[in-house]
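Welcome! Take a moment to look over the sequence and the model below, and then we can walk through them together.

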Amino acid sequence: TFTAAGAGTWTCPNGVTSVQVENWGAGAGGATSSGIAGGGGGGGGYSILNSFASTPGNNYDYAVGAGGGPSVAGGDSTFNSTSCVAKGGGSPAGGIGGTGGASASGTGDTKYSGGNGANNSGGTPPVTGGGGGSSAGTGANGNNASSGTGGSAPTGGAAGGNGGNNGSNGIGGSAPGGAGGGGGFTAPSTNGTGGSGAAGQVRLTYTATVTNTGGTV
């Protein structure tokens, strides 16, 4: 399981001819408030490729999407370029929440979308920032944020962060792929910073079969 944001290479071990690939896209950061409270970021999507044909000794590229800073989208997580792709969450626009990483933008046998970030609470200050969407789970779409509360974690996914209130900062999303909550606002000029989105994840599952003089083990 690869959890550190960035690109890398996986060398297929001896005896492995097929690998299951699971990817989670990264979460977006919540918006920093600026006269209005910020919206929450969108959570990362999930994709699974049930059986990727691999050759022992060959190198295969992967990338773990980086979590977004304030108002920055989450990065995509990929394996073997486009063989399996999970989309990162979308960035918020001011007080409007970002959309979750869309399953339609991913590749794989089964795909789920991340949860949407919530808009700020609106109304007369103090105004609470919107919660961040959760990442998608292994069997369901991510959960949308509700007002200032981040989306709850589905099975195999991670929760989004809560929005800030009274000018406080938004809370960062949980890994893998939870989105950050938006910063709160209090008049006349107290602005909270948006919480960061969490990095995505790449997980490879495989079984090695080795043949020796004693038979197959």
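**Strands and the loops around them**

Let us begin with a pair of strands: β2 (residues 18–24) and β3 (residues 46–53) lie side by side in the antiparallel sense, joined over six bridges. Strands here are DSSP runs of E with at least two residues, while helices are runs of H or I with at least four residues, and the numbering goes from the N terminus. Two strands are said to pair if DSSP finds at least two bridges between them.

Before going further, please keep in mind that this is a predicted model: local features need pLDDT of at least 70, side-chain atom pairs count only at pLDDT 80 or more, and totals for chains, interfaces and linings use all residues. Residues are numbered from 1 along each chain as its sequence is written, and side-chain values use heavy atoms, with hydrogens and water left out.

Back to the strands. Within the pairing of β2 and β3, V21 stands opposite L49 of β3. Strand β3 also has β7 as an antiparallel partner, with three bridges joining them. Which residue of β7 is the bridge partner of Y46? That partner is Y112. As a general point, side chains in a regular strand alternate between the two faces of the sheet.

Now follow the chain into the loop between β7 (110–112) and β8 (185–186), where P126 is found. A cis peptide bond, with omega about 5°, joins P125 to P126. Further along, P176 also has its place in the loop between β7 and β8. The peptide bond leading from A175 to P176 is cis as well, and its omega is near 0°.

The loop between β7 and β8 also holds S147, which has a positive phi of about 55° although it is not a glycine.

Finally, visit I96, in the loop between β6 (84–86) and β7. I96 is partly exposed, at 48% relative accessibility. Setting aside neighbours within four places in sequence, I96 is in contact (heavy atoms within 4.5 Å) with G39 and N119. The C-alpha atoms of I96 and G182 are separated by 9.4 Å, and these two residues are 86 residues apart along the chain.

How values were computed
Buried < 20%, exposed > 50% of the residue type's maximum accessible area, 1.4 Å probe, protein only.
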